[in-house]
Amino acid sequence: MSVSARLAARPTVVYRLYDESGSLLYVGMTVDPESRFRQHRNWHVDWWHQVDHVIFEDHPNRAEAAYAETVAMILERPRKNVNG
């Protein structure tokens with residue numbers, strides 16, 4: 001199995017980042033939340049300091065997570081997503 005096929009088959013989380021008032025800032029997906037959040041901090045995104053809490057949604061693979069992430073961006077309209 002190729003590396004990309006193994007990654008596609010891994011359980012993946014969709015995460016939602018909220019500010020302290022409960023407003024949705026960002027929706028993303030990853031197989032490794034700790035590493036992904038470190039990337040957000042290291043990229044010095046100007047809104048990272050606003051994150052108050054995170055909600056995780058588990059998915060069995062990348063394709064299902066990608067679908068859920070897309071639906072969330074369309075319906076929930078997070079303020080800080082730029083690619084959705």
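This is a predicted model: local features need pLDDT of at least 70, side-chain atom pairs count only at pLDDT 80 or more; totals for chains, interfaces and linings use all residues.
Strands of a sheet pair through backbone hydrogen bonds, in either a parallel or an antiparallel manner. Here strand 1, which spans residues 12–18, pairs with strand 2 over 6 bridges in the antiparallel sense; within this pairing, V13 has T30 of strand 2 as its bridge partner, and V14 stands opposite M29, also in strand 2. The hairpin of strand 1 and strand 2 has 5 residues between the strands, and in this hairpin G22 takes a positive phi near 90°.

One of its residues is A63, which counts as exposed because its relative accessible area is 57%; the C-alpha atoms of A63 and R10 are 9.9 Å apart in space, while the two residues are 53 residues apart in sequence.

Which residues of helix 2 are buried? They are R36, F37 and H40, and, seen down the helix axis, the buried residues of helix 2 fall within an arc of 95°, so they line one face of the helix. An α-helix has 3.6 residues a turn, so residues three or four places apart point the same way. Strand 1, strand 2 and strand 3 are among the elements that cover the buried residues of helix 2, whereas the face turned away from that buried side carries the exposed residues E34 and N42. After helix 2 comes H44, whose phi is positive, near 55°.

The structure holds 6 aromatic pairs. In one of them, the ring centres of Y26 and W47 are 5.3 Å apart and the ring planes stand at 25°, so the pair is stacked. This pair links distant parts of the chain, since Y26 belongs to strand 2 and W47 to the loop between helix 2 and strand 3, 21 residues apart. Y26 counts as buried because its relative accessibility is 13%, and W47 is likewise buried, at 6% relative accessibility. Both residues take part in one aromatic cluster, which is formed by Y15, Y26, F37, W47, W48 and F56.

Finally, the charged side chains. Side chains of opposite charge can pair when their charged atoms come close. The count comes to 4 salt bridges. R16 and E57 meet in one of them, at 3.0 Å from N to O; R16 lies in strand 1 and E57 in strand 3, so the pair ties together parts that are 41 residues apart in sequence. R16 is buried, with a relative accessible area of 9%, while E57 is partly exposed, with a relative accessible area of 27%.

A further salt bridge joins D19 and R79, whose closest N and O atoms are 3.3 Å apart. Because D19 lies in the loop between strand 1 and strand 2 and R79 in the segment after helix 3, this pair ties together parts that are 60 residues apart in sequence. D19 is buried, at a relative accessible area of 11%, and R79 is partly exposed, at 44%.

Within helix 2, R38 forms a salt bridge with E34, with the closest N and O atoms 3.6 Å apart; the two residues are 4 residues apart, about one turn of the helix. R38 counts as partly exposed at 36% relative accessibility, and E34 as exposed at 57%. Salt bridges that share partners also join R16, E57 and E76 into one network.

How values were computed: Residues are numbered from 1 along each chain as its sequence is written. Side-chain values use heavy atoms; hydrogens and water are left out. Two strands pair if DSSP finds at least two bridges between them. Buried means under 20% relative accessible area, exposed over 50%, partly exposed in between (1.4 Å probe, protein chains only). The arc is that of the directions from the helix axis to the C-beta atoms. Contact means heavy atoms within 4.5 Å. Rings of Phe, Tyr and Trp (its six-membered ring) pair if their centres lie within 6.5 Å; planes under 30 degrees apart count as stacked, over 60 as edge-to-face and the rest as tilted. A salt bridge is a side-chain nitrogen of Lys or Arg within 4 Å of a carboxyl oxygen of Asp or Glu.
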